[in-house]
Amino acid sequence: MIEVTWGSASDRGRVRPVNEDSLLASPTLFVVADGMGGHAAGDVASQLAVDGLTQLLDSDPIGVPEVLEAIDEANLSIVNRAAASEERAGMGTTIAGVAVVEVGGIDHWMVFNMGDSRVYRMIDDELIQVTVDHSEAQEMVASGQLTLEEARTYRRRNVVTRSLGIDPPDAVDTWVFPPVPGERFLLCSDGLTTEVDEGAIRTFLERIDDPQEAAQVLVRAAIDAGGSDNVTVVVIDHRATDASDVDENTVPRRIGGA
Ligand code: MG
């Protein structure tokens with residue numbers, strides 16, 4: 001059993017008229033979705049994604065196939081809703097999520113994403129980006145045409161290359177790995193990462209123990225830095241437990257090196 005505490009915050013920022021981001025936070029499933037398609041569309045798409053995934057909470061335990069199925073169904077519900085009204089044509093959404101899934105009878109983390117919302121994991125004050133953005137900017141970083149720093153201010157930085165709301169569906173990326181007590185996850189929409197650099201994000205996450213306070217401070221930092229987009233943050237703490245509770249077989253070991 002993975003014991004977690006968490007906090008979340010979301011704000012429309014200083015420029016956008018509507019908050020098109022949606023989020024879900026529960027003990028076994030956390031999702032951030034950043035909707036696209038303008039007024040009366042983006043917010044609908046991101047909420048449909050979250051609602052679709054919420055159905056996973058009926059499964060106990062959750063398995064990897066169920067997560068993939070729920071993402072497929074959420075995609076279809078957005079496609080169908082978009083087809084039913086002209087003003088919602090072409091709406092879509094990113095998703096970035098963390099679920100507790102059972103693999104071989106043992107709880108694991110499953111991280112998944114489509115688009116440019118992100119999941120980070122912090123262990124021992126080291127912040128690691130788990131997800132890889134599906135965006136034009138990320139593709140240009142990968143091919144050496146942009147540096148990471150340039151990508152943050154790249155003119156077409158909001159162009160995503162995969163999203164929910166597409167028929168046939170785009171592929172979702174997934175990672176499954178064992179839990180480490182004491183670790184912290186950050187889920188965020190690009191409204192955070194375009195305004196606040198990773199060094200500053202790490203510093204906030206190191207200094208602020210309470211996950212709800214950390215989420216609120218990160219959202220506030222994005223707004224103070226310009227708030228050019230909707231910004232959504234979920235912070236999850238996997239509680240450190242007594243060492244005897246740790247299943248030695250699931251703890252990643254450092255192989256070689258110091
Ligand atoms: Mg955004």
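Biologist: I would like to start with Thr194 in this model: is this residue buried or exposed?

Modeller: Thr194 has a relative accessibility of 17% and therefore counts as buried, the cut-off being under 20% relative accessible area. Please keep in mind that the model is predicted. Thr194 sits in the loop that runs between helix 5 and helix 6.

Biologist: Which residues is Thr194 in contact with, once its neighbours within four places in sequence are left aside?

Modeller: With those neighbours set aside, Thr194 is in contact with Arg152 and Arg157.

Biologist: Turning to the metal, which residues coordinate the magnesium ion?

Modeller: As a general idea, ideal angles at a metal are 109.5 degrees for four tetrahedral donors, and 90 or 180 degrees for six octahedral ones. In this model the magnesium ion is coordinated through OD atoms of Asp34, Asp190 and Asp229, at 2.1 to 2.2 Å. Since water is not among the atoms, such a site may look incomplete.

Biologist: How are the donor residues of the magnesium ion spaced in sequence?

Modeller: Their spacing is D-x155-D-x38-D. Asp190 belongs to helix 5, whereas Asp229 is in the loop between helix 7 (211-224) and strand 11 (231-238), so this pair ties together parts that are 39 residues apart in sequence. Asp190 is buried, at a relative accessible area of 7%, and Asp229 also counts as buried, at 9% relative accessibility.

Biologist: Which residues of helix 7 are buried?

Modeller: In general, an α-helix has 3.6 residues a turn, so residues three or four places apart point the same way. In helix 7 the buried residues are Pro211, Ala214, Ala215, Leu218, Val219, Ala221, Ala222 and Ile223, and what covers them includes strand 1 (4-11), strand 10 (184-188), helix 5, helix 6 (198-207) and strand 11. The 14 residues of helix 7 reach 20 Å from the first C-alpha to the last, close to the 20 Å expected at 1.5 Å a residue. Just after helix 7, Gly226 takes a positive phi of about 145 degrees.

Biologist: What span should the 21 residues of helix 2 have at 1.5 Å a residue?

Modeller: Helix 2 (residues 64-84) should span 30 Å, and its end C-alpha atoms are 31 Å apart, which agrees. Its buried residues are Val67, Ala70, Ile71, Ala74, Asn75, Ile78, Val79 and Ala82, and helix 1 (42-54), strand 4 (92-93), strand 5 and strand 6 (106-114) are among the elements that cover them.

Biologist: Where is Ile95 found, and what does this residue touch?

Modeller: Ile95 is found in strand 5 (residues 95-103) and is buried, with a relative accessible area of 0%. Not counting residues up to four places away in sequence, Ile95 touches several residues, including Ile71, Val31, Leu53, Phe112 and Leu164. Ile95 and Ser22, although 73 residues apart in sequence, are 9.4 Å apart in space, C-alpha to C-alpha.

Note on methods. Residues are numbered from 1 along each chain as its sequence is written. This is a predicted model: local features need pLDDT of at least 70, side-chain atom pairs count only at pLDDT 80 or more; totals for chains, interfaces and linings use all residues. Side-chain values use heavy atoms; hydrogens and water are left out. Donors are N, O and S atoms within 2.8 Å of the metal (3.2 Å for Na, K and Ca); water is not among the atoms, so sites may look incomplete. Helices (H or I, at least four residues) and strands (E, at least two) are DSSP runs, numbered from the N terminus. Buried means under 20% relative accessible area, exposed over 50%, partly exposed in between (1.4 Å probe, protein chains only). The expected span of a helix is 1.5 Å times one less than its number of residues. Contact means heavy atoms within 4.5 Å.
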